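Hello,

Here is the structure I promised to pass on. Please have it open while you read; my notes follow below.

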Amino acid sequence: MRPAPLCLMIGLMTCLSVPRQAAAAIPPWLRDLFPSTYRPLPREDTLIVHATILDGAGHRIEDGSLLMRDGRIAAIGPHLTDAKAHVIDARGRWVTPGLIDIHSHDGTYVVPITAIDEETSDVSELSDPNAADSWIETAINPQDPAFARALAHGVTTLQVLPGSSPIFGGRSVVLHPIPATTMQAMKMPDAPWGMKMACGENPRSEDAEKGRGPTSREGEIAFIRAAFAKAGRYRQDWKRYLAGQGTQPDDDARLDTLAAALDGMIAVHMHCYRADEMAVMLDLSRALGFRIAAFHHAVEGYKIAPLLARAHVCAAVWSDWWGYKMEALDGIRENAAFIDAAGGCAMMHSDSPFLGQWLNIEAGKAAAAGRRAGLDLPPEHVIGWLTANPARALGLDRRIGSLEPGKDADAVIWSMQPFSVYAHADMVFVDGAVAFDRTDPHRRPRTDFELGRTPPEAP
């Protein structure tokens, strides 16, 4: 059994597996109530040869090879050989890391059910503007067809976030979109949690309508300050108790999540549109002591691109969604490209079970707008908007996001340059296993919702 201080220093996931008798030595915010049971699909060592490879780290390798062994990237470069590996000739095709959707609602906004009846959605817990005690993973329906569709279009990892009606939406979860009966079997082992927060119109309008909380932007800020102040006291009470001083505090699930954010164990994913609001939130996060990993939507991110770069905060954006509400009026197609050009961390996200199937096209459109504005955006750079950058924002860049030796073998073989509207994901590998194969009906997952409703050859 590790003593409490060492447990805290080692970090979140190490603490989760300590013996039952040591539970009192663990702050409650470090306990995973729903541990992953994920196991990789059956796999064999695989060597992809003669491909154009975009490695996600800014490099392009012509006539390149990628060796995947025991679920990891073993080697990458030209003219590799391995007598024991299964060889795939990818001549004329392109290889990239698996795509990462950092903002998904798959499994909670289930199509076609929610499209028929909006009340079936589990995206947001609306009983209180502070839903930090909710864990979106407890609402995941693994039978959502959107998971299989995302996989078939190159997505190997996605973060499911709560919605933006509450100010504190609750904890996120990171999943692999593989066939499974339970959420736990999709849950990426040892992936950090995130926390969804929201500013602006959505929580303000929701609270005004329900009469349950802040009804203005200044009220939202005051609410956030009060919540984190309470969480800070709660955190200190637990720290004193774990150091052998005082009595054990009562557990509080809402304060657990906020305390974990103050402890640096949970990064905040912030729903924000306007440049001025993002600037306020950056100041607020510094004052209160939590870290914003990314602003999501960030329609006006281009206006404060240097500020985002200096703060090392990513921006997850669309290519061309704007104008559907007041705070989304001032969007431009060059948003991602201008954030990137300022040295920032630009990412594409879906926020939609439909757009989650076309992240490569979203990046292609955003990059095309940047090129028309005079920026140099080659494919080997743009692929990072879908791989390396979201991996960094999720705290998973040591494991996924680029094709480098030692990292998880998540990769996609594309039929052609991946940002073309004509490109297909021919094969998708998750941890070195073939999770999708466009030429093999037995490796084209379908959910229970689709049985008897769609033809077997449907993608």
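V160 stands opposite V173 in β9. That is a handy place to start. Keep in mind that this is a predicted model.

V160 belongs to β7, residues 155-160. This strand and β9 run antiparallel and are joined by 3 bridges. Another residue to look at here is Q159, whose bridge partner in β9 is V174.

On to β6. It pairs with β7 in the parallel sense, over 4 bridges. Look at D101: its bridge partner in β7 is L158.

How many of the 6 residues of β7 are buried? The count is 6 of 6, so β7 is largely enclosed by the rest of the structure.

**The six-stranded sheet**

There is also an open sheet of 6 strands. Its order is β8-β10-β11-β12-β13-β14, again with mixed pairing. The edges are β8 and β14. Both have a single partner strand, so one side of each lacks a neighbour in the sheet.

Strand β12 covers residues 292-297 and runs parallel to β13, with 3 bridges between them. A294 stands opposite C314 in β13. F295 faces A315 in that strand. To get from β12 to β13, the chain passes through helix α9 (residues 305-311). This β-α-β crossover is right-handed.

The next step goes from β13 to β14. Strand β14 spans residues 346-348 and pairs with β13 in the parallel sense, over 3 bridges. A315 turns up again: its bridge partner in β14 is A346. Here the chain crosses through helix α10 (residues 335-341), and this β-α-β crossover is right-handed too.

Which way do the residues of β13 (residues 314-317) point? C314 and A316 point one way, A315 and V317 the other. All of them are buried.

**Aromatic residues**

The structure holds 11 aromatic pairs. Two are worth a look.

One is F168 with F228. Their ring centres are 5.7 Å apart and their planes stand at 70 degrees; over 60 counts as edge-to-face, so this pair is edge-to-face. It links distant parts of the chain. F168 sits in strand β8 (residues 168-171) and F228 in helix α6 (residues 217-242), 60 residues apart. Both F168 and F228 are buried.

The other is W318 with W321. Here the ring centres lie 4.7 Å apart and the planes are at 25 degrees, so the pair is stacked. Are these two residues buried or exposed? W318 has 4% relative accessibility, so it counts as buried. W321 is partly exposed, with a relative accessible area of 31%.

F168 and F228 also belong to one aromatic cluster, together with F223 and F290.

R171 lies over the face of W193, at 4.5 Å from the ring centre.

**Annotation**

What does UniProt place at residues 348-432? The record gives the feature "domain: Amidohydrolase-related", from an unreviewed entry. In the model, the end C-alpha atoms of this span lie 24 Å apart. The span is 28% helix and 13% strand.

**Where to look**

- β7, with β6 in parallel pairing and β9 antiparallel.
- β12 to β13 through helix α9, then β13 to β14 through helix α10.
- The cluster of F168, F223, F228 and F290.
- R171 over the face of W193.

Best wishes

How values were computed. Residues numbered from 1 in each chain as written. Predicted model: local features only at pLDDT ≥ 70, side-chain atom pairs only at ≥ 80, totals over all residues. Heavy atoms only, no water. Pairing = 2+ DSSP bridges. Helix = DSSP H or I, 4+ residues; strand = E, 2+ residues; numbered from the N terminus. Phe/Tyr/Trp six-rings, centres within 6.5 Å; stacked < 30°, edge-to-face > 60°. Buried < 20%, exposed > 50% of the residue type's maximum accessible area, 1.4 Å probe, protein only. Lys NZ or Arg CZ within 6 Å of the ring centre and 35° of its normal. Right-handed = clockwise from strand over helix to strand, strands pointing away. UniProt positions renumbered as here; feature names shortened; annotations may be inferred.
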